[in-house]
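Please look over the sequence and the model shown below before reading on. The paragraphs that follow start from a single residue and then widen the view to the chain as a whole.

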Amino acid sequence: MANNLRRIWDADPDAAPKERASYADDVVGRFRSGRLVKMGTKDVPESLNEWRVTTGDPVVAAKIAEFMGGTPEEWETDKEDNLQILTDSPTVAIIIEADGVDASFKQFAPGAGLIHHCDGFEYLSPEEDKGTPCKCPTLIAERKLAADKMRGPKPSVDVKFRLQDDPELGIFRFNSGSWKLVEVLGGLFAELDKYPGRQVRATLTIENVSYTPQKGPRAGQEVSYNKPVIRVAGVYEAAGDVDLPMAA
């Protein structure tokens, strides 16, 4: 077998097919649990039961569709991740990067960007304010009320991970402002702290919760919502990390 067309690329090297660069250590896509849909003239947030993944790389999009179902399609955005896949999967097996979970409180303002960044008690940025009291309310209920009125920051939980199906595909991000996720962060960090500096196996799930409150304005009515859930399964051992048995 011979490559009889090799000389055409020698004559025109700029047109020669290029090997796909390795993006194994780059962020190549985002996992999202919702989207905006048009309702008349307004964009209304919609919660999804299965993961929506966005990326700017057709190869990554094709792999996500292969692993999780769905079809890559373009969507309207001014960002680089112009491809989306509405997958069929509410759960994905992931490898959380070492120190791959970052949790804080953030508030953004149109045209000004990040205007408040704290840990709930002290500022984390800008550098000149770092460590000084942020004066946020102490009680969670008061924090939620201030955030709802745009007078205080919301949770920002950022997770960086790889796919167990293809770790070399690159790093993905999931960012959540869910107060429900904040409630379980203590347990999540306790699990991650068992494996300091190590990648860990986990699952990332969109989980539906339904219940009927007995008190309050919605008493007797079914309440249903989706929440992100991360379950740690143990340390991740790459193929090269596994000790091979010694030959007899």
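At 25% relative accessibility, Lys-106 counts as partly exposed, a class that lies between buried, meaning under 20% relative accessible area, and exposed, meaning over 50%, with a 1.4 Å probe and protein chains only. This is a predicted model, in which local features need pLDDT of at least 70 and side-chain atom pairs count only at pLDDT 80 or more, while totals for chains, interfaces and linings use all residues. Residues are numbered from 1 along each chain as its sequence is written, and side-chain values use heavy atoms, with hydrogens and water left out.

Lys-106 lies in strand 5, where strands (E, at least two residues) and helices (H or I, at least four) are DSSP runs numbered from the N terminus. When its neighbours within four places in sequence are set aside, Lys-106 is in contact with Leu-114, His-116, His-117, Pro-153, Lys-154 and Ser-156, contact meaning heavy atoms within 4.5 Å. Between Lys-106 and Cys-118, which are 12 residues apart in sequence, the C-alpha to C-alpha distance is 6.7 Å.

Strand 5, which covers residues 91–109, also holds Asp-99. The phi of Asp-99 is near 55°, a positive value in a residue other than glycine, and Asp-99 is exposed, with a relative accessible area of 77%. Most residues other than glycine have a negative phi, and most peptide bonds are trans. Lys-135, also not a glycine, has a positive phi of about 65°; Lys-135 is placed in the loop between strand 7 and helix 3 and counts as exposed at 77% relative accessibility. The loop between strand 7 (123–125) and helix 3 (140–148) is where Pro-126 is found, and the peptide bond leading from Ser-125 to Pro-126 is cis, with omega near 0°.

From these backbone features we can turn to the aromatic side chains. The structure holds 7 aromatic pairs, where rings of Phe, Tyr and Trp (its six-membered ring) pair if their centres lie within 6.5 Å, and where planes under 30 degrees apart count as stacked, over 60 as edge-to-face and the rest as tilted. The rings of Phe-31 and Trp-51 have centres 5.9 Å apart and planes at 70°, so this pair is edge-to-face. Because Phe-31 lies in strand 1 and Trp-51 in strand 2, the pair ties together parts that are 20 residues apart in sequence. Phe-31 is buried, with a relative accessible area of 1%, and Trp-51 counts as buried at 0% relative accessibility. Phe-31 also pairs with Phe-161: their ring centres are 5.3 Å apart and their planes stand at 65°, so this pair is edge-to-face.

The next topic is the open space in the model. About 1200 Å³ of space lies in the largest pocket. On a 1 Å grid over the protein atoms alone, a pocket is an open set of points where a 1.4 Å probe fits, with protein on both sides within 12 Å along at least five of seven lines, and lining residues have an atom within 4 Å of a point; grid points are joined across faces, edges and corners, and the volume is the space filled by probe spheres set on the points. The lining of the largest pocket comprises 32 residues, and those that lie nearest its centre are Arg-32, Gly-34, Arg-35, Leu-36 and Pro-45. Two or more lining residues come from each of strand 1 (27–39), strand 2 (42–55), strand 9 (171–176), helix 4 (179–183) and strand 11 (223–235), and strand 1 gives the most, with 9 residues.

Gly-177 is found in the loop between strand 9 and helix 4 and is partly exposed, with a relative accessible area of 45%. Gly-177 and Pro-228 are 51 residues apart in sequence, and their C-alpha atoms are 10.0 Å apart in space.

Finally, for the chain as a whole, there are 5 helices and 11 strands, and 33% of the 248 residues count as buried. Among contacts between residues at least 6 apart in sequence, 57% join residues at least 24 apart.
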